[in-house]
Amino acid sequence: NTAGNLSLTGGTLVVGAATTVSGNITIGTGATLNGAAATLSVGGNWNNSGVFTPASGTVSFTGGNEQTITATTFNNLVVNKTGGSATLTGNATINGNTTVSAGSLNLSTFTANRNSPGGALTIANGAAVLAGGAANFPAGYSLYTIGSTSTVTYNGAGTQTVAGDIAYGHLVMANGGAKTLAANCTVNGNLTINSGASFGADTYTISLYGNWSNNSTFTPGSGTITLNGNGKTITGNTTFNRLTVYGSYTVSGSDITYNGLLLVATGGSYDAGGGTATVNGDLTNNGSLVSNGITTFTGTSLQTIRFVNAIVSNSSGVINFNGNISPVLNSTSPPTFATLNVNNTAGINPSVGWNILVAFNIAAGASFNGGISTHNIRSSFTNNGIVTSTGTLNFNPATAQNIQLRGATFSSTGIV
């Protein structure tokens, strides 16, 4: 073991047994260091201007401070630090495995790819990898074992490709530049988009088990986000394409836009929160869906809205049906609304009974066709448009309410 630095200026040194160098290792021009089958632990920087023969050995970076690693071919590369990062200053080529047991491996703009397909990349819980290059997440490994509380950060200032077919722990987008997913991926921890960064899903699916935190820009493309965790949150104004909820998630005071499909699956629970929800696409609730904010179905294209065998479909906020294209309402479970504003000029045609608790307003030029269902109106009722029914309109408020039946038309061939 060497308490200070190890410097080779010529000849060949073979590491014949486990060796620790607490300082820097420098392989000068004309010198050779042979790793043999031993483990060489390095507490300082790795400076290679000569020849390093990795053989079947392991080089482990163990210092508590910042360390740098120049371009080298390693057999097994280990980062097991009590603090700071081990940062590449050139490409590292790996013949065996790369293991980040503790601390951080900072790739900067360089690579730590396999020399040929095989081996394993392991990032332990609590450890971290930072990738700052255009597409430099470690590649060529047959096995990726990434702890659910580890962190991978894409922190390049320019355009970056986010590696797919990976099960990440925590996934972070940092610094400027557009970062785009290259294939489907899983995030077992949290997904965070830091201020100034942008992240695009392209056409791919992200399976998320942790929290969603968007502090900047997410471009959904035609991709899908599946929410699989329990007791998790969505934070930050975000536009989703397809969002599928299998777990339980709460939107934390943010404005969310849904362009494709919002699906709450059987057993799923989704609290849309107190912000503004803009639904441009379809909605299917097979589980539990609640909201206390403002939800607007824009009605500018054909939308299908379905509550099928749902446990809860409940808004204690405001629901707006806007636009000029009538949505397809195909449900088996009755929803409950607080304030309901019907502004859609092509008409709203429920397939099941609705429950309205605070206010029911039909705007001028809009229409509500209650159909054969029974609608329980425990609220005020203001009709400035068209209302028709062949079923039952049951006005049963708990306290005195204003009821304005006559707008352009109020017609019932059923029961009022």
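## A buried phenylalanine to start with

Phe297 is buried, since its relative accessible area is 6% (buried means under 20% relative accessible area, exposed over 50%, partly exposed in between, with a 1.4 Å probe and protein chains only). Phe321 counts as buried too, at 4% relative accessibility.

A quick word on what you're looking at: this is a predicted model, where local features need pLDDT of at least 70, side-chain atom pairs count only at pLDDT 80 or more, and totals for chains, interfaces and linings use all residues. Residues are numbered from 1 along each chain as its sequence is written, and side-chain values use heavy atoms, with hydrogens and water left out.

## Aromatic pairs

There are 22 aromatic pairs in the structure. Rings of Phe, Tyr and Trp (its six-membered ring) pair if their centres lie within 6.5 Å; planes under 30 degrees apart count as stacked, over 60 as edge-to-face and the rest as tilted. Take Phe52 and Phe74: their ring centres are 6.0 Å apart and the planes sit at 55°, so this pair is tilted. It links distant parts of the chain, with Phe52 in strand 8 (residues 51-53) and Phe74 in strand 11 (residues 72-74), 22 residues apart. Strands here are DSSP runs (E, at least two residues), numbered from the N terminus. Both Phe52 and Phe74 are buried.

Now back to Phe297 and Phe321. Their ring centres are 5.0 Å apart with the planes at 15°, so that pair is stacked. This one also bridges distant parts of the chain: Phe297 belongs to strand 39 (residues 294-297) and Phe321 to strand 42 (residues 318-321), 24 residues apart. The two are part of one aromatic cluster, whose members include Phe337, Trp354 and Phe410.

Two strands pair if DSSP finds at least two bridges between them. Strand 11 is joined to strand 13 (residues 92-94) by three bridges, and Thr72 has Ala92 as its bridge partner in strand 13.

Further along, strand 35 (residues 269-271) runs parallel to strand 38 (residues 288-291), joined by three bridges. Tyr270 has Leu289 as its bridge partner in strand 38. Strand 38 also pairs in the parallel sense with strand 41 (residues 312-315), over four bridges, and there Val290 is partnered with Asn314.

## The nonpolar core

The largest nonpolar core has 93 residues, and among those with the most contacts inside it are Trp46, Phe74, Tyr154, Tyr270 and Trp354. Such a core is a set of buried Ala, Val, Leu, Ile, Met, Phe, Trp, Tyr and Cys residues joined through side-chain atoms within 4.5 Å. Leaving aside neighbours within four places in sequence, Tyr154 is in contact (heavy atoms within 4.5 Å) with residues including Phe137, Tyr168, Leu171 and Met173.

Thr224 lies in strand 30 (residues 224-227) and is buried, with a relative accessible area of 14%. Not counting residues up to four places away in sequence, Thr224 touches Tyr204, Thr205, Ile206, Arg242 and Thr244.

Ser213 is in strand 28 (residues 212-214). Beyond neighbours within four places in sequence, Ser213 is in contact with Leu191, Thr192, Ile193 and Thr235.
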